[in-house]
Amino acid sequence: SESHLLAALVLLLRLALFVETVDFWGDPHALPLFIIVLASFTYLSFSALAHLLQAKSEFWHYSFFFLDYVGVAVYQFGSALAHFYYAIEPAWHAQVQAVFLPMAAFLAWLSCIGSCYNKYIQKPGLLGRTCQEVPSVLAYALDISPVVHRIFVSSDPTTDDPALLYHKCQVVFFLLAAAFFSTFMPERWFPGSCHVFGQGHQLFHIFLVLCTLAQLEAVALDYEARRPIYEPLHTHWPHNFSGLFLLTVGSSILTAFLLSQLVQRKLDQKTK
């Protein structure tokens, strides 16, 4: 939680620097950049709140973690939008433009549902992990596809594209985070020795923060340097991405609220 809280504060400082150089109000092409910064701050803040306040009661334990999953869904769509808008190559844009953002919004919401359901049933096992991890894997595969495609088509190391290094770093950091999250390393190797420091979940948080910071630097560089590429691609938007962003936020919050009501009902039945 401390790592995410510190990262959220770093993000506020980064936003302050953005405000000095980016015309968020006057440049319509700056909106996706603002959304990814907002989405990153949201998931980091919600995660910190969940880990700091979840011990208040059983109801709030569930509710704060549901809120954490809302933040993750919002960040997933924000990442998809930033990659689709700034990082994408015209060839990949032509293939996916009709379905990319609606599918990203749907998978983000599905990821929120799966994570909330896994938390709600509280039964460690294949079903819960599948409900949580499969939608997240599908969402990430779609969201990162513009970046992966660009890395492969820009294989020339002499290409003057400094954002690519940050994009490669964000992919590596995310894969490391996913590995520590899903395999319970290194505590499975050192039983009883990782209660305070060195838990896989702590390392997951650290690598996810590094992924986010590298991603923001890549997106900022793309926003500045790739305008001749992305501006013609988005003159006629196939859909309203701001509306999809708000839809993702609203549907995820509603999902978390409904699951929290089920928790409350379960707790009421337990006390009768």
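**A helical chain, from surface patch to salt bridges**

Leu-5, Leu-49, Leu-52 and Leu-53 come together in a nonpolar surface patch of about 330 Å². Helix 2, which spans residues 31-53, supplies the largest share of this patch, 3 residues, and Leu-52 is found in that helix. Keep in mind that the model is a predicted one.

Stepping back to the whole chain, the count is 10 helices and 0 strands. Reading from the N terminus, the order is simply α-α-α-α-α-α-α-α-α-α. Of the 272 residues, 47% count as buried. The chain exposes about 13,800 Å², and carbon and sulfur atoms supply 71% of that area. As for how the chain folds back on itself, take the contacts between residues at least 6 apart in sequence: 79% of them join residues at least 24 apart.

The UniProt record, an unreviewed entry, places the feature "transmembrane region" at residues 34-53, 65-86, 98-117, 165-182 and 241-263. How do two of these stretches look in the model? Residues 98-117 are 90% helix and 0% strand, with the end C-alpha atoms 30 Å apart. Residues 241-263 are 100% helix and 0% strand, and here the end C-alpha atoms are 33 Å apart.

Next comes the inside. The largest nonpolar core has 66 residues, and those with the most contacts inside it are Leu-33, Ile-36, Phe-66, Phe-77 and Leu-101. Helix 3 (residues 58-87) gives the most to this core, with 17 residues. Another core, of 5 residues, lies apart from it and includes Ala-87, Ile-144, Val-147 and Val-171.

Helix 8 covers residues 200-225, and His-205 is found there. The unreviewed UniProt entry lists His-205, along with His-51 and His-201, under "binding site". Is His-205 buried or exposed? His-205 counts as buried because its relative accessibility is 5%, under the 20% cut-off. Ala-225 also belongs to helix 8, but at 62% relative accessibility Ala-225 counts as exposed, since the cut-off for that label is over 50%. The C-alpha atom of Ala-225 is separated by 8.7 Å from that of Asp-161, a residue 64 positions away along the chain.

Now for the charged residues. Side chains of opposite charge can pair when their charged atoms come close. The model has 7 salt bridges. In one of them, the side chains of Asp-27 and Arg-227 meet at 2.5 Å, N to O. This pair links distant parts of the chain, 200 residues apart: Asp-27 sits in the loop between helix 1 (2-21) and helix 2, and Arg-227 in helix 9 (residues 227-233). Asp-27 is buried, with a relative accessible area of 12%, whereas Arg-227 is partly exposed at 23%.

Glu-89 forms a salt bridge with Arg-226, and their closest N and O atoms are 3.3 Å apart. Here too distant parts are linked, 137 residues apart: Glu-89 is in the loop between helix 3 and helix 4 (90-96), and Arg-226 in the loop between helix 8 and helix 9. Both Glu-89 and Arg-226 are buried.

Asp-222 and Arg-150 make a salt bridge as well, at 2.9 Å from N to O. Asp-222 lies in helix 8 and Arg-150 in helix 6 (residues 126-153), so the pair ties together parts 72 residues apart in sequence. Asp-222 and Arg-150 are both buried. Finally, salt bridges that share partners join Asp-27, Arg-227 and Glu-231 into one network.

Notes
Residues are numbered from 1 along each chain as its sequence is written. This is a predicted model: local features need pLDDT of at least 70, side-chain atom pairs count only at pLDDT 80 or more; totals for chains, interfaces and linings use all residues. Side-chain values use heavy atoms; hydrogens and water are left out. Patches are made of residues with over 30% relative accessible area and no salt bridge: like charges are joined within 9 Å, nonpolar side chains (Val, Leu, Ile, Met, Phe, Trp, Tyr) within 5 Å. Accessible areas come from the Shrake-Rupley method with a 1.4 Å probe; for residues, only the protein chains shown count as cover. A salt bridge is a side-chain nitrogen of Lys or Arg within 4 Å of a carboxyl oxygen of Asp or Glu. Helices (H or I, at least four residues) and strands (E, at least two) are DSSP runs, numbered from the N terminus. UniProt positions are given in the numbering used here, feature names are shortened, and annotations may be inferred rather than shown by experiment. Buried means under 20% relative accessible area, exposed over 50%, partly exposed in between (1.4 Å probe, protein chains only). Contact means heavy atoms within 4.5 Å. A nonpolar core is a set of buried Ala, Val, Leu, Ile, Met, Phe, Trp, Tyr and Cys residues joined through side-chain atoms within 4.5 Å.
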